[in-house]
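Please work through the exercises below with the structure in view.

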Amino acid sequence: MKIDLQVHSKTGSDGNLPVEDVLKEAKRRSIELLSITDHDSIDAQGRAIVLARDYGISYVTGVELNVTFEYPSNEGKSTKSHSLDFLGYQYDMENQELKNKLQLMRKHREARAHKILENLNAEFDKEGLERFTEKDLENIQTTVDGAFGRPHIANYMVKKGIVKNKQEAFDKYLVKCDVPKYPLSLAEASRLIRNAGGVLVFAHPNEPNGTSLVTITRDLTQQTNVIKEYMLEYLDGIECWHPRHDKKTIAHYLDFAKMHSLIMTGGSDCHQNPIIMGTLDIPAWVAEQFKSKTTGKVNKL
């Protein structure tokens, strides 16, 4: 059984393929259980449910929420903010509170993009480069089907010849010119998803490239101590399988999840460049424990 519970679409956020092509590819790859988890957006969910039914794929509603996690530093005398991702599954997509919050986050994301462009222009001025104008902003927005974010700006910078690739855009400009995301707390993210009938899962906790607990510690035992002390009451599960989780990480988080009766999920985190949907070896029992922990059934559509 092929399972992929973290896939992104162009329809909802920063994937390269619209939801129609994501489902078509999932069918071609014989994926049997799927969730599209766009960043701070559930715009693709309705269409995904219909297409999954047509293709005979079991589907779970999904969303990836970015959370501002405050962790004590300097021996508890102050806190430092860390950006972490959490996956909401099997929520009611008609829940008005969730829809309202995501709409607010979308507006903040668009305002943030404007401020990032202002910061980029300040850097361009230093280097004697041509500034971004309102026309450039309009051009970027035409490439956005889902939620507007830094990857769309990076793609445009590549197109304009300012940088060679997206990674250079982030390394040279977008990290330095960043503006804080919407300050969603873990407690609020948990409340939103649970009140909508869903479950909240910690995404890629040991992802080595950034949005994970590696910004606090790379030691796996210390990571799970952080979860146990500061997160456990808000969590329903852990994403154990991820392309950038090694075998040691997977085993450690499986043991931790079992110890605390948490859901164990996995996903390719596929943004379709390259297409890696369904490439992780996620055991079939994940589907069974997933449904027993939520509504009692996976949506067999």
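The exercises concern a predicted model, and each task is followed by a worked solution.

**Exercise 1.** Determine whether arginine 112 counts as buried or exposed, and state which residues it is in contact with.

*Solution.* 
Step 1. Locate the residue: arginine 112 belongs to helix 3, which covers residues 96–127.
Step 2. Apply the cut-off: buried means under 20% relative accessible area. Arginine 112 has a relative accessibility of 6%, and therefore counts as buried.
Step 3. List the contacts, leaving aside neighbours within four places in sequence: arginine 112 is in contact with Arg150, Asp178, Val179, Pro180 and Lys181.

**Exercise 2.** Describe the largest pocket by its volume, its lining and the elements that supply the lining.

*Solution.* 
Step 1. State the volume: the largest pocket holds about 1700 Å³ of space.
Step 2. Examine the lining: 47 residues line this pocket, and Asp14, Arg150, Pro151, Phe170 and Thr211 are the closest to its centre.
Step 3. Assign the lining to elements: at least two residues each come from strand 4 (62–73), strand 5 (78–89), helix 3, helix 5 (150–159) and helix 6 (166–174).
Step 4. Classify the residues: the lining of the largest pocket comprises eleven nonpolar, 23 polar and 13 charged residues.

**Exercise 3.** Which element gives the most to the lining of the second largest pocket?

*Solution.* 
Step 1. State the volume: the second largest pocket has about 160 Å³.
Step 2. Inspect the lining, which includes Lys10, Asp14, Pro151, His152 and Asn155.
Step 3. Identify the element: helix 5 gives the most, with three residues.
Step 4. Classify the residues: one is nonpolar, six are polar and three are charged.

**Exercise 4.** Why is one side of strand 4 and of strand 8 left without a neighbour in the sheet?

*Solution.* 
Step 1. Write down the strand order: the open sheet of five strands runs 4-5-6-7-8, and its pairing is mixed.
Step 2. Find the edges: strand 4 and strand 8 (263–266) stand there with a single partner strand each, so one side of each has no neighbour in the sheet.

How values were computed: Residues numbered from 1 in each chain as written. Predicted model: local features only at pLDDT ≥ 70, side-chain atom pairs only at ≥ 80, totals over all residues. Heavy atoms only, no water. Helix = DSSP H or I, 4+ residues; strand = E, 2+ residues; numbered from the N terminus. Buried < 20%, exposed > 50% of the residue type's maximum accessible area, 1.4 Å probe, protein only. Contact = heavy atoms within 4.5 Å. 1 Å grid on protein atoms, 1.4 Å probe; cavity = no way out; pocket = protein on both sides within 12 Å on 5 of 7 lines; lining within 4 Å. Points joined across faces, edges and corners; volume = space filled by probe spheres on them. Nonpolar A, V, L, I, M, F, W, Y, C, P; charged D, E, K, R; others polar. Pairing = 2+ DSSP bridges.
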